[in-house]
Amino acid sequence: MTIIVTDGLTKTYGGGVTALADLTVAVDAGVIGLVGANGAGKSTFIKIMLGLVPPSGGTVRVFDLDPVTQTDQVRARVGYMPENDCLPPDVSAAEFVTHLGRMSGLPKTAARERASEALRHVGLYEERYRQIGGYSTGMKQRVKLAQALVHDPDLLLLDEPTNGLDPAGRDAMLALVQRIGTEFGISVVVCSHLLGEVERICDSLIAIEGGRLLRADRISSMTAASDVLAVEVADGTDELAAALAEMGMEVSRDGRMLLVPMESETAYDRILRAVTDLDLNLHRLDQRRHRVAELFTTKETADV
Amino acid sequence: MSEAGVIHDIGYQRYDGPRLGRFAMQQALYVHGLRAAYGLGRSAKAKIFPWLVFGIMLLVAVIVAAVRSTIGEVIFTYSQFADQMSFLIIFFVAIVAPQLVSRDLRSGTLPLYFSRPLRAADYVAAKYAALASAIWLLLGVPQFIMFLGAAFTTKTGFKGVWNEVLDLVPGWGYSLLWALMFAGIGLLIASLTGKQAFAAGGIVAVFLMTAPIVGVLASLPSTTANSLAGLASPMTLIAGINQWVSGAEGTGLDLGRFGPVYAIEAFCLIASCLLLLLARYRKVASL
């Protein structure tokens, strides 16, 4: 199911700053990564989808609704987690999320129940009656996620959800986002300037730069047919490289490792045979997916 | 049907209950604001000041009622009560208005509101109504205590009670005028800054700094300037309206023929405060 469709979407701010230029994408349900450097137009795109800023040109449809004219219907089905700090310090998480649930149109008791549920799902059930001011950054990010989830939206817009988190916190947050996308059946748009981070959890990816669409596709189609084998031996890396090259393989060095494109099922055996022939100590031989970032670097250089 | 006594991990549950419209959200925000004004559902620290002010006003009302019922002397009428308590109301507004709006600005909560169906106008209306109601309760409840004191000790039976009601209702109306005026000005100033201390200081300054202007104008040799002096300060403005409408004496103002001017200015002041608030939040909402 296609949930977000834009056609020639353009946004120019008053001072002549172009935040989005001629953006045309169609996005399917699932976990969607929205990647771009700071100032690439990610936040502007999210604000347009929420009907907070009107586009200067082109059209956008979310769930086949127009955010400009059907703002209320769109917002009722969308949950938004902003990038900045947005939590008052002197209320408890339970109370805050309940209040925002009511602001989304939930009746009183339903709001309270769903707030507890949302906080349970983000892993704050035990701490929910503590004041938010005493929370760690990771817990605050979870409260922000819970308030976006409280009214059971069909689409979550998360603006840099891993901002300010330590590596463990990042992994936990990304796992949570992935769980929301797969188990809860809620589509998620995850904004990030770190491609490596979102590619792990996304079904599809939209990359924008300077307000322009760089690429939008499903992750699977971006990484398909590009698997490589990584070989690492104790010594004699050069000899092995030479031997493999002799066998007609395209070998490239990556630090202590050799990368060999996996053209056929026999590649494993041929590499193993070369290693035993040279009598080397094999440290690792595993299959590696191309990182999406590599695709972008080649594409960008091709464009220039 | 599931068997009783079995605990299931139910996982994520979709919500298919009712979703209320913007009016219900506005109401919820109004109730939330009114409760917050008196520190309900907040920390004990947030309760101290509003209840202190409320306590003092109740105490005064009880004393006034007691004096009246024992020795029969009227210390304040209902509208004089509001006039006399004006400083307490200013302090109440200076504390509560920033609680209602500056907090949201400070902690950056507004994007969370405005990414929901709620609009800037709904937000402004709910907050304004909440603060006006809080101020009105602050005046109206003590006035009601005064009424009870007077009604239970009246010597003329039902007629006396009815006369008292006829005094109370305009008194309540007068309190409402105070509430509408102070809520508008207070919220407007508080909405300009996220720092509660600055907002509180600004509100007190606006109300207190305008009083000397009235004094200066009132001492000018021109009678027109004297009559219009009260326009310079919100407090004397409201007192002037009361004087014009009810012909009450003792406010120290000489309105002359300019009574209607006071009413027009009050109306314009409240309306422009609301419009400016709306413009302010329209701008904030689009960020």
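Contact here means heavy atoms within 4.5 Å. With that in hand, welcome to a predicted model, in which chain A and chain B bury about 3,300 Å² between them. Local features need pLDDT of at least 70 and side-chain atom pairs count only at pLDDT 80 or more, while totals for chains, interfaces and linings use all residues. Residues are numbered from 1 along each chain as its sequence is written, chains are lettered from A in the order in which they are written, and side-chain values use heavy atoms, without hydrogens and water.

**Around B:Tyr281**
- B:Tyr281 touches B:Val101, B:Leu110, B:Phe114, B:Ala120, B:Tyr123, B:Val124 and B:Ser191, leaving aside residues up to four places away in sequence.

**Where the chains meet**
- Chain A brings 41 residues to the contact and chain B brings 33 residues.
- Carbon and sulfur atoms give 52% of the buried area, which is the accessible area (1.4 Å probe) that two parts lose on being put together, summed over both.
- Between chain A and chain B there are five salt bridges (a side-chain nitrogen of Lys or Arg within 4 Å of a carboxyl oxygen of Asp or Glu).
- B:Arg103 and A:Asp90 form a salt bridge through their side chains, at 2.8 Å from N to O.

**Domains of chain A**
- Chain A splits into domain 1 (2-220) and domain 2 (227-288), with bounds from an automatic or database domain assignment.
- The centres of domain 1 of chain A and domain 2 of chain A, taken over C-alpha atoms, are 43 Å apart.
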